[in-house]
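Here is a short tour of one protein model. Keep the sequence beside you as you read.

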Amino acid sequence: MPRLCLLAALALRLAGAALLSPGSCTFEDSACGYQWDYAHLPWTLHGEGHYISVDTSYEGEKAVLSSPDLYSEEWSCVRLIYQIATTSDTSPDPARLNLYLRQEGESFDRLLWSAKEPSDSWLIASLDLTNSTKKYKLVLEGEMGQDKSTSIAVFEIKITSGYCIECDFEENHLCGYVNRWNPNVNWFVGGGNIRNSQSILPKDHTLNSALGHYMYVDSVYVKHFQEVAQLISPRTTAPVSGCLSFYYQLKLESSIIFTVYLRDMSGFYEEIWKTDGALNADWALAEVDFNAPYPMEVIFEVAFNSAKGGYVALDDISFSPVYCSNQTGAPFNPVNAGCNFEEDLCNFYQDHKDGPGWSRVKVKRNVYRAGDHTTGFGYYLLANTKFTSQPGYIGRLYGPTLPGNLQFCLRFYYALYGFFKMSGTLAVYIFEENHVVQEKIWSVLDSPKGVWTQAEISFKKPMPCKVVFVSWCKSFWDCGLVALDDVSLSLGSCQAADLLLPTPGECTFEKDECVFTQKKRGRGSWHRKRGPTPTSYTGPKGDHTTGVGYYMYIEASNMVYGQRAYLVSRSLRGTSGKQCLTFFYHMYGAGTGLLSVYLKKEGDDEEIPLWRRTGEQSISWLRGLIEYESDTNYQIIFEAIRGVSIRSDTAIDDILFQAGPCLEVEEIQFSSGYPDSLNEIEY
């Protein structure tokens, strides 16, 4: 069994340990109200070493530790000091420590953080918690993995009001700030009893005392031109904007460059502050407007040109949600740059000089032409709809103006019909400076015909710009249909967005079956698949999430008439109040059977029917909405029944559980047969 680093815990004692805030714990004498789940592995409290741990000496998959009820209307920071010790660094299923937020009234826990890196000593994680009016619990989950000798230890949990990027450097863990090691110049802790630096200051700023602490870097060991030292903050875990302030001292004997950067998850640096180079014999206050709409680190960087450069000291980093410059107006909201076209064009528009290139249309449920992506029976945009295009026809759709110097992720869905050559039929341009500067950032190369396919594009421009969708018809004989729907814009790169933690209660089946299991697995059960189903004239051509991903379906050719397949959720936490279940279903095929959704409460044999569809419904993915209540633990069951022929493939995708009532309500929860309207298009 690997030895845990016990000395680390001793270094983490707080002077005010007896005055710990609710939810904080050093595990010295007790677990501070934290309780473990007896259905899983036990946690062991080590009072002599001041930590709590779980290891593989017991058989089991995981251990769960829950905090007492917590409440905070203020923004707060959770700091977790932990260690994962294992004998193997390359296990296919490594041990993992997860931290969840369990909010009152929600059936699913929100994953805040996860780590799997083993270490020889303790590590620190810093996580921002946004203000909320709901009670909550913090839930620690230790997953043991497949290694036969694994230990997971938690030395300290500390919850403080404020933001994780704030620090006065008075505690040993330095608020999660780390020095990027350099052979010659590094940031060190100054003050207290440290007397080994030529650049020691008589007093820190926090306590105005020789016993206080600060961070400093000096040039005494510089050996090369432009030696750089970096002090890196914890990464923000929630969007923040406002005023970043700090105190610094600078002793300048030759050139020193002191700069503050923001660095996003893709490694892009943005300079937000630089010293003017003036000598500061006393602590000077610096303030800079700070905007981190997506995860970022703050980097304090000092560059020296010689060993006689001098030093820089840093203390009392703080943050306020009010901008330093007293700027007014709400920050840019990317939601305003998206549209699902259900009501209108939102903030998109067309230039009348181009002619009516894009039309807003609606297709009623039918078995010939797919409807929109949003619901399957709503509105979307269609270019070249009247087949009156002349050679060289171009239709442009202009988006709203976007601010410069921000990283964006643009996502949208498109579908193509009737083109002989798809290349270049749809493109996305960036227009800058009153449409003078144009840059093509994306164009379609190839795509499954008639399938809503997701595209995503990351871009960043220094000047304000607009996104423009361009449909191009090269000649009359090669003019087809271009469909566009569900345009969305988010801050940050698409790659960084893909690394974000999953939405609680959401299942797209892209990686696995999520919280669902099957009553019985076999040829006649639910199958996870991508692409079209094997039987023609039934089943989807692609999934609903991206068009090229996974969904769950029943393969009717493996089943007999009336055979049932069940997809059952794990036990979900009961809550007071209404809950909303959203999902997409695909019921296309002349022999289609039934799809039903049931609620089964814990301890009750009855399965309560919530929703049902019978027979062929549409060639499109259709949205289903269910509003339900359960104050006891419960399960949701999807039941598919095979119809009269092999053209009876039924599929589901994109399941989402949400607390609170549905914003929209389906008029018909139980229907039988196919709708009256066929293949109707509204303009």
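This is a predicted model: local features need pLDDT of at least 70, side-chain atom pairs count only at pLDDT 80 or more; totals for chains, interfaces and linings use all residues.

## Around Tyr-177

Leaving out residues up to four places away in sequence, Tyr-177 touches Ile-165, Cys-167, Phe-169, Leu-231, Ile-232, Ser-233, Pro-234, Phe-300 and Ile-317.

## The nonpolar cores

Tyr-177 belongs to the largest nonpolar core, which has 42 residues. Tyr-177 is among those with the most contacts inside this core, along with Trp-187, Phe-246, Phe-258, Trp-273, Phe-290 and Phe-300. Strands S13 (213-218) and S14 (227-232) are among the elements that give two or more residues to this core. So are others, including S18 (280-292) and S20 (310-320).

There is also a second, separate core of 33 residues. Leu-41, Ile-52, Ala-63 and Met-144 are included in this second core.

## A covered strand

Is strand S25 (residues 426-432) mostly covered or mostly exposed? Mostly covered: 6 of its 7 residues are buried.

S25 has antiparallel partners. Strand S28 (residues 465-473) is joined to S25 by 7 bridges, and Val-428 stands opposite Phe-469 there. Strand S26 (residues 437-443) pairs with S25 over 6 bridges, with Ser-443 as the bridge partner of Ala-427.

## An open sheet

Elsewhere, 5 strands form an open antiparallel sheet, in the order S31-S34-S39-S36-S37. S31 (516-518) and S37 (607-614) each have a single partner strand, so one side of each lacks a neighbour in the sheet. From one strand to the next, the twist averages 20 degrees.

Inside this sheet, 8 bridges join S36 (residues 594-601) to S39 (residues 634-641).

Technical notes:
Residues are numbered from 1 along each chain as its sequence is written. Side-chain values use heavy atoms; hydrogens and water are left out. Buried means under 20% relative accessible area, exposed over 50%, partly exposed in between (1.4 Å probe, protein chains only). Helices (H or I, at least four residues) and strands (E, at least two) are DSSP runs, numbered from the N terminus. Two strands pair if DSSP finds at least two bridges between them. A nonpolar core is a set of buried Ala, Val, Leu, Ile, Met, Phe, Trp, Tyr and Cys residues joined through side-chain atoms within 4.5 Å. Contact means heavy atoms within 4.5 Å. Axes are lines fitted to C-alpha atoms, for helices over the stretch in contact, and angles run from 0 to 180 degrees between N-to-C directions.
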